Amino acid sequence: MAKTTPKHTQVVSGWAALDSSGKITPYTFNRRENGVNDVTIKILYCGICHTDLHYAKNDWGITMYPVVPGHEITGIVVQVGSNVSHFKTGDKVGVGCMSASCLQCESCKTSEENYCDKVQFTYNGVFWDGSITYGGYSNMLVADYRFVVAIPNNLPMDRAAPLLCAGVTVFCPMKDNNLIGSQRQNIGVIGLGGLGHLAIKFAKAFGHHVTVISTSLSKEKEAKTKLGADDFIVSSNPQQMKSRHRSLDFILDTVSANHSLGPYLELLKIKGTFVIVGAPDKPMDLPSFPLIFGKRTVKGSMIGSIKETQEMMDICGKFNIMCDIEIITPHQINEAYERIEKNDIKYRFVIDIAGQSSKL
Ligand SMILES: [Zn+2]
Ligand SMILES: [Zn+2]
């Protein structure tokens with residue numbers, strides 16, 4: 001594609017981490033002018049994903065400071081480039097984890113650009129023009145239209161924001177394993193956080209029997225009465241684990257703390273599938289016996305393509321699936337980070353970037 005280097009003259013107010021203390025402070029920076037393939041978005045809301053904390057603190061050693069996190073972005077289109085026919089001014093749109101990919105490789109050509117070798121993320125990535133990408137903790141975003149999705153009218157913009165990362169992360173494994181429009185199956189969801197609670201909502205919308213597997217008994221009531229789960233297993237209770245032996249067709253593991261897969265695999269029926277979407281920082285214990293003796297499969301999945309993200313958004317519109325959130329102001333981001341580290345959140349913080357909530 002033609003590469004003209006756009007000028008970065010648009011001044012943006014945002015919030016960034018400047019060093020590995022991870023402290024988020026107000027930060028002014030520039031974005032590119034709206035190019036022919038771009039849409040400019042006035043950001044209304046941005047969800048806080050645990051990934052943001054890892055980047056802010058340079059946990060993975062790859063952070064380019066200053067980093068403006070945020071990849072669960074919703075807002076309104078305020079400008080479109082001349083090549084853009086998908087979106088117009090005033091449209092409700094969202095941007096998730098990706099800002100660019102090579103557009104030419106096998107993954108890109110088959111609408112799996114999330115697996116492109118050269119995929120660039122919405123923040124801490126390098127865009128086609130060589131500039132470092134800055135995310136949604138800011139009042140405005142310029143995005144290539146191929147990395148923007150439409151938000152259905154009936155979804156509230158705040159509760160839709162986390163769907164762009166958390167939602168599509170749990171949706172894609174269900175889609176890939178033919179759980180949409182299939183017969184009723186027994187689905188297990190390990191972990192009841194931002195990902196887990198959305199997984200329950202999708203699985204119930206698709207008509208399945210849902211078992212939540214959690215370390216804390218205290219979450220049982222909420223899982224069943226509020227989120228609609230059918231069954232609940234405390235993973236540290238061997239009797240409970242044993243009583244559900246070979247009962248599940250499919251398990252989605254959303255836990256990012258280190259844990260052994262062995263006991264969970266025993267919950268799967270023969271030929272059952274176990275999909276990992278949580279990302280523990282150490283290798284996981286994967287014993288061979290439950291795999292061999294049960295002909296079971298373990299695999300991973302990372303977010304989804306833009307096409308899948310749009311499909312997920314449309315399904316959320318149809319079934320009224322949205323994230324349970326706590327709205328905060330930009331000045332409360334650091335406090336929210338502390339609470340996320342203590343697991344004190346139901347189920348996602350969303351930053352009210354444009355100050356909408358206070359005007360209601
Ligand atoms: Zn995320
Ligand atoms: Zn590619």
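Let me begin with the metal site: along the chain, the donors of the zinc ion (ligand 1) follow the spacing C-x21-H-x93-C, where donors are N, O and S atoms within 2.8 Å of the metal (3.2 Å for Na, K and Ca), and water is not among the atoms, so sites may look incomplete. This is a predicted model, in which local features need pLDDT of at least 70 and side-chain atom pairs count only at pLDDT 80 or more, while totals for chains, interfaces and linings use all residues. Residues are numbered from 1 along each chain as its sequence is written, chains are lettered from A and ligands numbered from 1 in the order in which they are written, and side-chain values use heavy atoms, with hydrogens and water left out.

The zinc ion (ligand 1) is coordinated by Cys49 through SG, His71 through NE2 and Cys165 through SG, at 2.0 to 2.2 Å. Cysteine 49 and histidine 71 link distant parts of the chain, 22 residues apart: the cysteine is in the loop between strand E3 (38-47) and helix H1 (50-56), and the histidine in the loop between H1 and strand E4 (73-80). Helices (H or I, at least four residues) and strands (E, at least two) are DSSP runs, numbered from the N terminus. Both cysteine 49 and histidine 71 are buried, meaning under 20% relative accessible area, with exposed being over 50% and partly exposed in between (1.4 Å probe, protein chains only).

Turning to helix H4 (residues 166-176), nine of its eleven residues are buried, so this helix is largely enclosed by the rest of the structure. Among the buried residues are Val168, Val170, Phe171 and Met174. What do the buried residues of H4 pack against? They pack against helix H5 (194-205), strand E13 (248-253), strand E14 (268-276), helix H10 (306-319) and strand E17 (348-352). Just after H4, asparagine 178 takes a positive phi of about 55°.

Proline 26, by contrast, is found in strand E2 (residues 24-31) and counts as exposed, at 60% relative accessibility. Leaving aside neighbours within four places in sequence, proline 26 is in contact (heavy atoms within 4.5 Å) with Gly14 and Trp15. Proline 26 and alanine 16 are ten residues apart in sequence and 6.4 Å apart in space, C-alpha to C-alpha.

Finally, phenylalanine 289 lies in helix H9 (residues 289-292) and is exposed, with a relative accessible area of 59%.
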